[in-house]
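Subject: A structure for you to explore

Hi there,

Here is the structure I promised to pass on to you. Have a look at it first, and then read on for what turned up.

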Amino acid sequence: MQLTTHFSSMTKVDLDQIIVLEQLANAFPWSYGHFKDTLASGNWGLCLRDGEGQLLGYSVFMPIVDEIHLLNLCISPFAQGQGFALKLLREAVRLSCADKFTSMLLEVRVSNQRALRLYEKFGFVMIGRRKNYYPAPHGNREDGIVMRLALSEEEYV
């Protein structure tokens, strides 16, 4: 049986649920203030919910001229492995194309092989590496892979 889902724009009202999911899913989660400041500064977010309104995942984006930067994409640990990340990414790309952005950029931890596979499968290509970009356990740092997806309205809308 296919789970019914729907998308909504992220608002401050969503942040209490988002921060719980963020802390469950990430070893180095964003803070409540980080999400609040990100939305207040003109960035936008997208929430994915099931038919009962339960938050399954979210993504946060920063528009920069003709590019959109994917800042955060997170799926609840209880909903991972069911295609929700791909569904959320597809919708984000569709909306970005509709808003006439020409490319999407992101950074991903080198250790996040699951996310790297998702982005590569979707068509993102590696364009760089940020040395010591992310915090890691025991006070260490980890590199970030910079990826880019060329957006074409005909392909995604």
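Let's begin with a term you will need: a residue is called buried when its relative accessible area is under 20%, exposed when it is over 50%, and partly exposed in between. Please also keep in mind that this is a predicted model.

Now try the term on one residue. Is L24 buried or exposed? Its relative accessibility is 52%, so L24 counts as exposed. You will find L24 in helix α1, which covers residues 15-25.

Next, the protein as a whole. It has five helices and seven strands, and starting at the N terminus they follow the order β-α-α-β-β-β-α-β-α-β-β-α.

As for dimensions, the C-alpha trace spans about 40 × 40 × 35 Å along its principal axes. A compact globule of 157 residues would have a radius of gyration near 15 Å, and the protein has 15 Å, so the two agree.

What about the inside and the outside? Buried residues account for 43% of the 157 in the protein. The accessible surface is about 8700 Å², and carbon and sulfur atoms make up 52% of that.

Finally, a word on contacts: among those with a separation of 6 or more, 59% are between residues 24 or more positions apart.

Enjoy exploring it!

Best wishes

Conventions:
Residues numbered from 1 in each chain as written. Predicted model: local features only at pLDDT ≥ 70, side-chain atom pairs only at ≥ 80, totals over all residues. Heavy atoms only, no water. Helix = DSSP H or I, 4+ residues; strand = E, 2+ residues; numbered from the N terminus. Buried < 20%, exposed > 50% of the residue type's maximum accessible area, 1.4 Å probe, protein only. Rg over C-alpha atoms; globule rule 2.2 N^0.38 Å. Contact = heavy atoms within 4.5 Å. Areas by Shrake-Rupley, 256 points an atom, 1.4 Å probe, with all protein chains shown as cover.
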